[in-house]
Structure formats: C-alpha cells, structure tokens
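Hi,

Here is the structure I promised to pass on to you. Have a look at it first, and then read my notes on what turned up in it.

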Amino acid sequence: MRYERDSFQRAYLTIAGSAAAIATIGAVFAALLSTDSLAAPAVAPSNVTEPRVTGTTRVGQVLRTTRGEWSGTEPIQYAYRWFRCEGPGAPDASNCSRISNAANASYTLREADAGFRIRSQVVARNAEGSATATSNPTSAVIGARPVNTTEPTITGTARVGSTLEANRGQWAGNTPITYAFVWLRCNDKGDNCSEIQGANDTSYEVRDADTGRTIRVRVTARNDRGTTSAISNPTGVVGTNQPPPGTALPVGDLKAAGDRLVVATVQFSPNPVTSRTAPITARVRVTARGGRPVSGAAVFMRATPRVVQGQTAQTGGDGWVTLTLVPNGAFPQPRNGFNVQFFIKASRPGDPGLGGIAGYRLVQVRLAG
C-alpha cells in the first residue's frame, strides 16, 4: 500500500513539472512575438507644420520661432538657423544669407538686418536621419537710421520745357525723417550721372542741356541715427520741345476756362542757405499751354511760417521773375538736415482770391550750418 502511494506522488510531480515547463516556453514565445514581430519600425523626422516667426521687425527687437510640428521616432533633437533675405527669398531660404552667431530659437535683430526680411529654419534629427523646415518670411525689418523700402520715382514727360516731379519713395526708420532732393543728368542709358546745379526741389523743369540725356533724382533721408540715399530709375531720353524765342504768352490772353498758370521752375541763391540775415534770391519761371512762358504774371512768394518778408513781382518776356526775400527775426538758425518752405502763387493781376487762372506751388530750400 505504501509503495502505491509513493508511485502516485512521483507521477504527480512529473506531470506538474512538465506543465510548468510548457508554461515557461509559452511565455518566452509570447515575449518574442511582442518585441520582434509586433514592434513599429523606426522612422526619420518629417515636418508636419512649418516653423513660425513672431515678434516686431525693428532693429533691437527679439524675434522668436516655433519649431513647428514633427513626426518620427523619438527622441528627436532640434537645431535652429536664421536667414536674411532680399524680398521674400526662396521658400527654403536657399537664396538668402545665413546669419552668423544665430543658432537659438530667438534672435535679436541687428542693424545689418534693416530693409531685409527674416526666415527661421529648424533642423530635426534622430537615429534614422534628419529633415529641415523653413518659416515664411517676416515683413521688412525697420532700422533706426533711414532705410529705403520703395525706391524714388519720377513722373512727367522727358521733354524740354516740361516739368518732372519726384516722389521720394517709401522709407522706414526712427522719426522724424527729413528728405533732400538732387536731380541728376545722365547719359542716354542712365549712367555717368552728374548733379544739376540748383536742382534741389521736388520738381525739375527739363532744360536744353538735357536733350539726348536721361534724368534721375537722388533722395537723401536723414534722421538722428544717420543718412541714407536712394536713386530713381532714369527717365526716357529727353526730347526737345522748347518754344522759340519771343513766343511768350501775355497773361491777359489766357482764358479762365481751360488755361492755368504753372510755377514751372524755382531757383534759390544761395542754396543751401547758411545765414539768418542775408537776403535770399528766388528766380521763378511761369508757364502755360504746353510749357510756353507767360509774361506779366503776378508772382507772390513768402515763407511758411513767415520767417521772411514776402514779395510780389511780375514775370518778364521770358516768363522769369526775380524775387528778393529778406529774413526776419524768426528765421531759424541754419543747420544741416533742415529746410525752409515757401508758398508761391502765380496769378493774373487783378484776379480775385483763389479764382481765375492762378497756379500754386510749395517749395523748400535747404539750410546748412
């Protein structure tokens, strides 16, 4: 009886041991299946949402970039680059200049960035590879000193006797900004330019000496942080349309219905003005009907505000009149970067107020000290 009981116990232990072994083998296979057969493959980074730059685009301000959204196997490491672009630049910043010493998620704008647009770039890396994503460009960076954002332009017909008008273009920088104009006479291709003496106003009457040449205007912007100049594109080649001598129109022949006096040219002497007391001479030419000079037109001129004594005189047979303007005690101390503005009215003697054929113009003369 005891023999039978011992045999039964040995058989039970053998069966139990076999069951435990089977369970252990099953657990090993399950682990192998979960780690090898079912594991997701490793993937290199891929950009889902591009980086975005925020901040005020002014020299001295801080721009910040997000890294965007990425997919790929973690861990992913991120590196940052910044680029300076002319205009918007290429979407991947390939035609932009990489900014040195700029490798963080923030960037402080420098004076060298003024007038340019900025892009950030994020490089994502993991064990499987890397990818790059570039932000959209910012707006143009505003500098402390003047920066030209849209070049000056010239309107009008490039023909002798016609008047050209200069638009200073668009500028950015610390305000206030003052502007000075210089007209340039260039060859027929717009090169080899030279300054035209006395042509420092926003308008310019084309002269015989300009025939066969082109005209450009240089605008100089100045504030307390510096000076910057920009030049317009050239006009077309100047043609001749000068009225023959002795063909001035008497102001009395002009009709209120259709005729209008034009203050075509204003020349100051000295220019720039360097004295608070010395008289200022202004030569004014009045035209009408396609640039023909007008004789007998009454020309009134004074400063605004009234820092000189105003004067009225009539044009001669060539359409010109010379006025002498005497500074008063309110005339400003001449210094670089400042101007005095003048109001000019050309009218027919006896015409009332603002009616008739009167023409008006605001001009300025530079100060220097």
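**What I found**

Buried residues make up 38% of the protein's 369 residues. Please keep in mind as you read that this is a predicted model. In secondary structure, the protein has one helix and 28 strands. Its accessible surface is about 19,600 Å², and carbon and sulfur atoms account for 51% of that. Among contacts with a separation of 6 or more, 62% join residues 24 or more positions apart.

**The nonpolar cores**

The largest nonpolar core has 32 residues, and the members that touch the most others are Leu 261, Phe 268, Val 284, Met 301 and Phe 342. At least two residues of this core come from each of strand 20 (262–269), strand 21 (280–288), strand 23 (298–303), strand 26 (320–327), strand 27 (339–347) and strand 28 (359–366). Strand 21 gives the largest share, with five residues.

With neighbours within four places in sequence set aside, the contacts of Phe 342 include Phe 268, Met 301, Leu 325, Leu 362, Val 363 and Val 365. Arg 302, Ala 303, Thr 304, Val 308 and Arg 361 are also in contact with Phe 342. Apart from this core lies another one, of 20 residues, with Ala 158, Trp 183, Ile 215 and Ala 221 among them. As background, nonpolar side chains in soluble globular proteins tend to be buried together.

**Strand 23 and its partners**

Five of its six residues are buried, so the strand is mostly covered. Strand 23 runs antiparallel to strand 25, and four bridges join the two. In this pairing, Val 299 stands opposite Ala 313 of strand 25. Strand 23 also runs antiparallel to strand 27, here with six bridges, and Arg 302 stands opposite Phe 343 of strand 27.

Gln 314 is part of strand 25, which covers residues 311–314. What does Gln 314 touch, if residues up to four places away in sequence are not counted? The list is Gly 296, Ala 297, Ala 298, Val 321 and Pro 349. Between the C-alpha atoms of Gln 314 and Phe 300 the separation is 8.8 Å, with the two residues 14 apart along the chain.

Strand 8 (residues 117–126) pairs with strand 9 in the antiparallel sense over six bridges, and Gln 121 stands opposite Thr 134 in strand 9.

There is also an open sheet of three strands, in the order 2-3-7, again with antiparallel pairing. Here strand 2 (53–54) and strand 7 (106–108) are the edge strands, each pairing on one side only. Three bridges link strand 3 (residues 62–65) and strand 7 in the antiparallel sense, with Val 62 opposite Thr 108 in strand 7.

**The disulfides**

In one of them, the sulfur atoms of Cys 85 and Cys 96 are 2.1 Å apart. The torsion about this S-S bond is about 105°, so the disulfide is right-handed. Cys 85 lies in strand 5 (residues 77–85) and Cys 96 in the loop between strand 5 and strand 6, so this pair ties together parts that are 11 residues apart in sequence. Cys 85 and Cys 96 are both buried.

The other disulfide is formed by Cys 186 and Cys 193, with their sulfur atoms 2.0 Å apart. This link is right-handed as well, with 105° about the S-S bond. Are its two cysteines buried or partly exposed? Cys 186 has 0% relative accessibility and therefore counts as buried, whereas Cys 193 has a relative accessible area of 33% and is partly exposed.

Conventions. Residues are numbered from 1 along each chain as its sequence is written. This is a predicted model: local features need pLDDT of at least 70, side-chain atom pairs count only at pLDDT 80 or more; totals for chains, interfaces and linings use all residues. Side-chain values use heavy atoms; hydrogens and water are left out. A nonpolar core is a set of buried Ala, Val, Leu, Ile, Met, Phe, Trp, Tyr and Cys residues joined through side-chain atoms within 4.5 Å. Buried means under 20% relative accessible area, exposed over 50%, partly exposed in between (1.4 Å probe, protein chains only). Contact means heavy atoms within 4.5 Å. Two strands pair if DSSP finds at least two bridges between them. A disulfide is a pair of cysteine sulfur atoms within 2.5 Å. Accessible areas come from the Shrake-Rupley method with a 1.4 Å probe; for residues, only the protein chains shown count as cover.
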